[in-house]
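Please look over the chain shown here.

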Amino acid sequence: MDRKFQWQEQRTTTPDGVYRLLRTAILDGTVPQGGQLRETHIAEDLGISRSPLREALTRLEEEGLVVKIPFRGAFVVEVTARDVAEIASIRVLVEPYAAELSAEKLCGPERPRLMQTIEELHRATDTNDIPASIDAHLRFHRLFYDSSGNAVLQGLWNGWETKLRLYLAVDHRSYSNLHDIAVEHERLAALVLEGDIDGFRQELVSQMQNALRAQL
């Protein structure tokens with residue numbers, strides 16, 4: 001990590017605290033994709049030993065946000081526009097199906113969880129908390145796959161989630177009003193609860209197309 005990234009008024013010594021600090025720095029863009037996380041500089045800036053830092057970097061690597069390259073160090077994983085476009089081309093086909101399969105549960109026992117993700121999105125976007133908004137965004141969409149009862153769909157989402165998380169770290173910062181993200185997801189939730197899967201599909205395609213155009 002370049003020394004221009006300084007931790008302002010944040011001090012932590014536990015592995016969990018360092019992990020959360022670095023994770024936030026990655027997701028809010030303080031450390032960009034491809035950026036190096038230099039152990040010596042971070043340890044000096046935080047006033048900590050290498051042990052909790054290395055534990056934090058290992059957790060980030062397990063989460064798929066960081067890659068460790070022998071003899072070079074730890075770097076934030078890079079996600080290309082092609083990666084995202086390819087995932088989007090499949091999502092617009094399978095996510096409406098996942099929503100259709102999960103609709104009964106989402107209208108019944110899983111409805112509180114669906115509403116909770118919307119509330120979490122509103123709280124995060126109201127406070128301009130990009131990492132929290134990304135987490136809530138992903139929880140919302142994961143719910144369709146997890147509630148579908150289809151292991152193949154669940155496996156697809158699991159394979160995409162890390163790349164989508166890094167993509168959303170860029171996408172969410174492109175909004176002039178972050179609160180619009182919560183409004184978009186309210187529309188998707190309402191369409192599923194109404195049983196309008198065709199409307200869900202159209203709204204999903206529109207949102208994805210707008211997001212991809214914003215990155216060009």
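## Confidence

What is the mean pLDDT of the chain, and what share of its residues reach 70 or more? This is a predicted model. The mean is 90, and 94% of the residues reach 70 or more. Among the elements, helix α5 (residues 111–126) has the highest mean pLDDT, at 97. The lowest belongs to α2, at 87.

## Helix α3

Helix α3 covers residues 50–63, 14 residues in total. At 1.5 Å a residue, the helix should span 20 Å.

Six names make up the buried set of α3: P52, L53, A56, L57, L60 and E63. They cover an arc of only 135 degrees around the axis, which puts them on the same side of α3. An α-helix has 3.6 residues a turn, so residues three or four places apart point the same way.

What does this buried set pack against? The partners include helices α1 (15–27), α2 (39–46) and α7 (151–171). Strands β1 (36–37), β2 (66–69) and β3 (73–76) are partners as well.

After α3 comes G64. The phi of G64 is positive, near 90 degrees.

## Loop residue S147

S147 sits in the loop between α6 (130–146) and α7. Is S147 buried or exposed? S147 has a relative accessible area of 4%. The cut-off for buried is under 20%, so S147 counts as buried.

Leaving out residues up to four places away in sequence, S147 touches L101, S102, K105, L106 and E110.

How values were computed. Residues numbered from 1 in each chain as written. Predicted model: local features only at pLDDT ≥ 70, side-chain atom pairs only at ≥ 80, totals over all residues. Heavy atoms only, no water. Helix = DSSP H or I, 4+ residues; strand = E, 2+ residues; numbered from the N terminus. Expected span 1.5 Å × (residues − 1). Buried < 20%, exposed > 50% of the residue type's maximum accessible area, 1.4 Å probe, protein only. Arc of directions from axis to C-beta. Contact = heavy atoms within 4.5 Å. pLDDT = per-residue confidence, 0-100.
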